[in-house]
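Try each task before you read its solution.

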Amino acid sequence: MKNWRFVFIQILFIVLAAALVGRLLYWQVVKHDSLVAKASEQREITTIIEATRGKIFSSDGSLLVGNEPAFLLFANLNEFKESYFETDGIEEIAKEIAEALLPEILQNQKDPKKLSESEKESIFDEEEKRIIKKLKSENLVWVPLAKKISETTKNVIQKLEIKGLGFEDLSKRYYPEGNLASQLLGFVGKNEDGLDTGYFGLEGYYNDQLSGKPGRLIQELDASGNPILTNDQDGSFPTDGFDLTTTIDRNVQYVVEEVLEEGVKKYGAKSGSVVILDPKTGGILSMANYPSYEPNRWQAFEEEDFQNQSISQVYEPGSTFKLVTVASALDAQAVKPDTICPCKGPIKVSGYEIQTWNNKYNPNSSVVEILQHSDNVGAGFIGEKLGKDKFLEYINKFGLGNTLGTDLQGEEAGIIKERRNWSDVDLITASFGQGLSVTALQMTSALGVIANDGKLMKPYLVKKITTNDTEIEIKPEEIRRVLSTDTAKVMKELLLSAVEGGEAKNLIPKGYRVAGKTGTAQVAVAGSYDPSKAVASFVGFGPVENPKFVAIVKYVNPTPIYGAETAEPTFFEIVKKLYPYWGITVK
Amino acid sequence: MKILSRDDLNEKRKRLATVLPYFKFICLLVILLIGLFGVKLYFTNLLATSGVQLTATTVKIEKHEADIAKLENEISKLGSMKRIQKEAKKLGFGDTEKVQILKSQDPVAQKP
């Protein structure tokens, strides 16, 4: 009798033990991998360490673009709704948050000072509704309320002591010089994946180098969330973005932007551009456009405001192109400086009549007189002597019709017809810069060939790239020799005479020894030229004996339309301010 | 109670004498183990709590880095061209048409 009880208890214990072992097997063998993963998840944390975006400096080391701390404001909806369950409570909170965010929102409008009270109220109401909508989200635990807010705004919101709100550290781009060189620098926005990406200018062109690479840190944490210093830390360090030092002279840029803005307003122009290069190196000392935009609040502006017109806008260069025609003809020995043009009247070609700009003719003009009078008939005469093939060859040698490879996003190549499409009329019109298009940078660079004794230099903006360990210097690059040294020397004198003996000789200050050429090109509208619209420009370099700079001033649709009355005086305004800065004596 | 005879007592003393060294050794071992355990406990605790210090130090470093970045930005803003021009105007500086660049005299030997 006693035996069966004993056996029963034995069997019971065996069954229980088997169940226990089975369960242990289940958790420790079958579920091993998933439990290990869960345990790792609980005690390990992977932190993404953001890379700091690289900074951009001017040539003297002044900061043009940096980073400043910013914050993401978020709401933990579970905690929030627990504290402010009633609908009224949420709306009251949303109003407080909107009030705290309002100053920054208004600051990011295009013209914050010009906003009326009703406009400000409308912006406030919109913001309040947006926040209420976010706070009332269903099926969400976490919602972002505002991105990249400043520390000041963060402190204001913190003082409200609203439960459920939190902040994440971010950073945002900071432009201490305001809108100085804005189109050159570009700005940082978001791409389709919501990641910071540079657009336009240097931010766009050098986005990969400036972005760097984020790092990862995998650490074991204790119960309080503090890291445990063991050998089990893993991950990679972030690689911060490279810093860029540019060739931009901050002082020159500031002066140029001031004078350009005054000029655009004075002449009622639609827009204006100035480019200044160092002819010996190709370094861009200044590149300005007006109107411009404020990169600290780029969201308030339109896409057309971001475009760098100096490299992205193509235009017919008009008479400034005569320097290319004459230089090419001299270098190819198609003409000599003392070659005489009959120039008795209009040129008739293929049923067209080519006249001078003022319908006045200068018989027996020399090459220098053709330039001084900006004589279209004379230019056509020289173009015919050169011939289509040679002319096109030199146009390409001057870097026109192709991009120059400048380190800026958005550079256009201009439009030069292919050889097979050139008619006899095209040869004549191209000789005085109509029927083809270029950018302001290309024209400046072309004149730079003459200033640099016949050599074409590649325009560039970044002269040094600094990483954590190294510095990489970018050396000036000669693209090719375009003209002989002798031709360049002759052209310098011809262009000096063109300025000092030109149509506007009484308007320009004396003694600056600037060589250059004015241009007034009609603008084509719907297949024909509109006489009331023109691109007025002046391209020049100085001092002619040892050129320190080569520059262009360009206005679109100024009043009056002539380059000699608008772009040239602006050019000399800039030169008058910069000569003392560069220590150049006025003779 | 059984009273041990002198012979039994001597027998027991002899046995104790042979066992005692082993007993001492085992005691020493146990003390050593306890000591090692104590040391391990101490360093484990140190390792664990240094995580708190590490966090605090990291927070301090981040704060200093943020302060440095803020100050650098403040310096840039104060040195911006617009501000310099504004302050210069307040001090009476402005544009001038008359600029004379003074150059040092030519060396005597180069005079004609």
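Domain bounds, as used here, come from an automatic or database domain assignment. This is a predicted model, so local features need pLDDT of at least 70 and side-chain atom pairs count only at pLDDT 80 or more, while totals for chains, interfaces and linings use all residues. Residues are numbered from 1 along each chain as its sequence is written, with chains lettered from A and ligands numbered from 1 in the order in which they are written.

**Exercise 1: domains**

Find the domains of chain A and work out how many residues of domain 1 are in contact with domain 2.

Solution. Start with the assignment: chain A has domain 1 (72–170) and domain 2 (250–581). Their C-alpha centres are 52 Å apart. Next, apply the contact rule, under which two residues are in contact if their C-beta atoms, placed from the backbone, lie within 7 Å. That gives four residues of domain 1 of chain A touching four residues of domain 2 of chain A. Finally, sort by class: Ala, Val, Leu, Ile, Met, Phe, Trp, Tyr, Cys and Pro count as nonpolar, Asp, Glu, Lys and Arg as charged, and the others, Gly among them, as polar. The domain 1 side of chain A then has three polar residues, one charged and no nonpolar.

**Exercise 2: a helix pair**

Describe how α13 and α15 of chain A pack.

Solution. Helices (H or I, at least four residues) and strands (E, at least two) are DSSP runs, numbered from the N terminus. Axes are lines fitted to C-alpha atoms, for helices over the stretch in contact, and angles run from 0 to 180 degrees between N-to-C directions. On that basis, α13 (residues 322–331) and α15 (residues 376–386) of chain A pack at about 40°, their axes 9 Å apart. Therefore α13(A) is oblique to α15(A); angles under 35 degrees count as roughly parallel, over 145 as roughly antiparallel, 65 to 115 as roughly perpendicular and the rest as oblique. On the α13(A) side the contact uses A:Lys322, A:Thr325, A:Val326, A:Ser328 and A:Ala329, and α15(A) brings A:Ala379, A:Ile382, A:Gly383, A:Lys385 and A:Leu386. By class, that contact has five nonpolar, three polar and two charged residues.

**Exercise 3: burial**

Is A:Ala300 buried, exposed or partly exposed, and how many residues of α13(A) are buried?

Solution. The cut-offs come first: a residue is buried if 20 or more other C-beta atoms lie within 10 Å of its own, exposed if 12 or fewer, and partly exposed in between, with C-beta atoms placed from the backbone. A:Ala300 has 15 C-beta neighbours inside 10 Å, so A:Ala300 is partly exposed. A:Ala300 sits in the loop between β12 (284–290) and α11 (303–306) of chain A. Leaving out residues up to four places away in sequence, A:Ala300 touches A:Asn108, A:Gln109 and A:Lys110. As for α13(A), ten of the ten residues are buried, so α13(A) is largely enclosed by the rest of the structure.
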